[in-house]
Amino acid sequence: MFDYIQTNTTTPEKFTSPPAARLTAADVPGLARLSEESAKLAGSVLPSVVSIDTATISRVAVRDIFGYLRGYRNDVSPGLGSGVIVSKEGHVITNYHVIKGATQIKITTNDRKSYKTEIIGADSQRDIAVLKILGGGNNFPALNFANSDEARAGQIVFAVGNPFGLTGTVTQGIISATQRRFSDTSNALLQTDTVINPGNSGGPLVNIYGDIIGINVAIFTRGAVTNQAWQGVGLAVPANDVKESFQAIMNRGAPVLGFLGIEVSPEPVAVDSALGTTLGAMVETVNPESPAAKAGIQVGDVIMQFGPRTFNSVDELMLMIAKRAPGRRFP
């Protein structure tokens with residue numbers, strides 16, 4: 001049982017509000033400036049972030065209670081993701097898994113204008129796809145790519161996208177880790193604690209200058225997790241990888257894998273040097289007339305690094321070779 005108190009509905013109740021805010025910008029100048037600059041950054045980035053609505057139509061058999069086929073019907077599965085405009089002509093980068101298998105794709109810009117789109121190409125290995133907005137002119141607000149090799153743990157970043165269909169959402173956090181790998185054959189990802197939820201996929205992770213430092217791709221989960229909402233560990237494809245995929249797709253329609261023409265031992269070898277023990281990959285075969293043969297690589301050589309980068313496994317070395325664009329040279 002609850003005791004109800006009868007209220008006085010005839011006499012106005014007196015109240016006194018504080019005369020002014022307890023603190024002013026002069027009292028907290030650092031926080032005031034941070035708040036203003038965060039809002040300025042969001043306002044600069046939001047016009048370049050789009051919502052991507054997809055529909056996958058499949059034919060489903062219709063049977064009666066006895067199991068006899070009576071016909072077919074179309075089953076529509078909707079999908080939702082985010083994207084970012086990277087050219088004035090309206091090219092949009094998103095995740096490949098956002099548009100994979102879709103039969104209909106619609107892009108909605110931040111000013112709530114909707115456009116038809118076409119798929120330019122995709123890099124399924126990096127989970128990157130490039131779309132183009134149709135019929136919107138040639139003066140879209142595009143974002144630039146940052147150099148993700150310079151990303152460091154602790155740097156402030158912002159995730160922009162459409163979680164759960166809530167368009168124009170901005171969350172703030174930091175880069176928690178770089179070069180995060182979850183298997184020997186997976187791409188290195190950026191880890192961030194910015195709030196990333198379903199619908200954020202394909203949206204940009206931007207630095208304090210509003211440049212793309214990564215493309216949000218996934219939420220880390222372990223085991224059978226039923227709650228796929230934010231757990232504090234978001235993952236993004238580094239901007240340099242995204243830029244390589246974008247340029248390859250724009251030039252050729254799809255990435256072309258790098259090739260050296262070597263076979264290496266499946267197990268790494270340990271090499272002792274003045275700098276300590278380092279892992280390497282021993283060359284077992286060199287294909288004639290291959291780039292490796294022309295470069296002078298021989299059977300028995302041990303590869304210690306690929307260009308300026310070291311590796312932790314043979315699979316990682318093979319992935320680095322495949323991701324290197326043909327014709328490119330190291331400085």
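## Strand E6 and its partners

Thr-117 stands opposite Ile-133 of strand E6, a pairing that belongs to the antiparallel arrangement in which 6 bridges join strand E5 (residues 114-123) to E6. The model in which this is seen is a predicted one. Between the two strands of this hairpin there are 4 residues, and Asp-127 in the hairpin adopts a positive phi near 60°.

Strand E3 (residues 91-94) also pairs with E6, again in the antiparallel sense, over 4 bridges, and here His-91 has Lys-132 of E6 as its bridge partner. E6 itself is mostly covered, with 5 of its 6 residues buried.

In soluble globular proteins, nonpolar side chains tend to be buried together. In this chain the largest nonpolar core has 22 residues, and those with the most contacts inside it are Val-45, Val-84, Ile-93 and Ile-215. Two or more residues each are given to this core by helix H1 (29-45), strand E6 (128-133), strand E7 (156-161), strand E11, strand E12 (234-238) and helix H3 (239-252).

The surroundings of Val-84 can be described in some detail: leaving aside residues up to four places away in sequence, Val-84 touches Ser-48, Val-50, His-91, Val-92, Ile-93, Leu-143, Gly-202, Pro-204, Ile-212 and Ile-215.

Ile-156, Ile-174, Ile-208 and Tyr-209 together make a nonpolar surface patch of about 400 Å². Of these, Ile-208 lies in the loop between strand E10 (204-206) and strand E11 (212-219).

## The chain as a whole

The secondary structure of the chain comes to 5 helices and 16 strands. Of its 331 residues, 38% count as buried, and the accessible surface amounts to about 19,800 Å², of which 53% belongs to carbon and sulfur atoms. Among contacts in the chain with a separation of 6 or more, 60% are accounted for by residues 24 or more positions apart.

Conventions:
Residues are numbered from 1 along each chain as its sequence is written. This is a predicted model: local features need pLDDT of at least 70, side-chain atom pairs count only at pLDDT 80 or more; totals for chains, interfaces and linings use all residues. Side-chain values use heavy atoms; hydrogens and water are left out. Patches are made of residues with over 30% relative accessible area and no salt bridge: like charges are joined within 9 Å, nonpolar side chains (Val, Leu, Ile, Met, Phe, Trp, Tyr) within 5 Å. Accessible areas come from the Shrake-Rupley method with a 1.4 Å probe; for residues, only the protein chains shown count as cover. A salt bridge is a side-chain nitrogen of Lys or Arg within 4 Å of a carboxyl oxygen of Asp or Glu. A nonpolar core is a set of buried Ala, Val, Leu, Ile, Met, Phe, Trp, Tyr and Cys residues joined through side-chain atoms within 4.5 Å. Buried means under 20% relative accessible area, exposed over 50%, partly exposed in between (1.4 Å probe, protein chains only). Contact means heavy atoms within 4.5 Å. Two strands pair if DSSP finds at least two bridges between them.
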